[in-house]
Amino acid sequence: MSSSRGREDSRREDRGPQDRDRDRDRERGGGRRFVRARKSCKFCADRIDYIDYKDMRLIGPYIPERGKVLPRRISGTCAPHQRMLASAIKRARNAALLPFLTD
Amino acid sequence: MRVYEILFIISPNVEETDVEALINQFSEVATNQGARVTKVDRMGRRRLAYPIQKFKDGQYVVLTVEGTGSEIAEIERRMRVTDAIIRHLSIRIDEDLKRAEKFRTRRAAHSRAGRAAAALSSRAAADESNVEEEE
């Protein structure tokens, strides 16, 4: 039986849940999909528990040219650290250590 | 007891002696209100990321203050009326520091967990003394 027939087949009782998942992937991705290596949180690796807003060396790499906060999907930072980082950047902006906007 | 970090930027045309006087003045305000100034950090003259009152650089000072929280209102009020201070920012840091401390002790306990059980009692004692030292 070919799985390319999709949904109808996946409802049949003789097929396990793992087959259903595979079918769903095929339908959406349409063949081979990219699997990138998992990015890792640099703050976790360096065991940084508190991000000081005055520490420009620490948060500098997370400020692209434009002056925005580098998104998590690019940097791979974990959620708790990204939260800390974001608030540190916002504080640094108020203290004129970082710009609000750059053109 | 709460720990606060008060950063303020003094206008660049204020003389060195006057900067010193300003720092003393605000430390005094804090102590008069019943708080304790634990650290005075002069970051020195820095370029501002954007102009404030048309100044391009400023003299940064950070005070670390321990108190109940009501002192901060008074200090901030005075900073607002002081013309030499072009920007001030106070944040509460004790909760964040406590959280960081918790992670650190947990990690320390975790890395030591693999060792012999004989060290268990001494480890507990060491952890306790560590906590006392930090606080």
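User: What percentage of the 103 residues of chain A count as buried?

Analyst: A residue is buried if 20 or more other C-beta atoms lie within 10 Å of its own, exposed if 12 or fewer, and partly exposed in between, with C-beta atoms placed from the backbone. By this rule, 15% of the 103 residues of chain A are buried. Please note that this is a predicted model, in which local features need pLDDT of at least 70 and side-chain atom pairs count only at pLDDT 80 or more, while totals for chains, interfaces and linings use all residues. Residues are numbered from 1 along each chain as its sequence is written, and chains are lettered from A and ligands numbered from 1 in the order in which they are written.

User: How many helices and strands are there in chain A?

Analyst: Helices (H or I, at least four residues) and strands (E, at least two) are DSSP runs, numbered from the N terminus. Chain A has six helices and zero strands, and its elements therefore read α-α-α-α-α-α from the N terminus on.

User: How should I read the pairing of strand E1 of chain B with E3(B)?

Analyst: Two strands pair if DSSP finds at least two bridges between them. E1(B), residues 2–10, and E3(B), residues 55–67, are antiparallel and share nine bridges; within this pairing, Ile6(B) has Leu63(B) as its bridge partner. E1(B) is also joined to E4(B), residues 85–92, in the antiparallel sense by seven bridges, and there Leu7(B) is opposite Leu89(B).

User: Why is E1(B) described as largely enclosed by the rest of the structure?

Analyst: The description applies because seven of the nine residues of E1(B) are buried.

User: Which residues touch the most other members of the largest nonpolar core?

Analyst: A nonpolar core is a set of buried Ala, Val, Leu, Ile, Met, Phe, Trp, Tyr and Cys residues joined through C-beta atoms within 7 Å. The largest one has 32 residues, and those touching the most other members are Ile59(A), Leu85(A), Ala88(A), Ala92(A), Ile6(B), Phe8(B) and Ile9(B). E1(B) gives the most to this core, namely six residues.

User: What is Leu85(A) in contact with, apart from its neighbours within four places in sequence?

Analyst: Two residues are in contact if their C-beta atoms, placed from the backbone, lie within 7 Å. Leu85(A) has such contacts with Ile51(A), Ile59(A), Tyr62(A) and Thr77(A).

User: How many residues of chain A are in contact with chain B?

Analyst: Eleven residues of chain A meet 15 residues of chain B.
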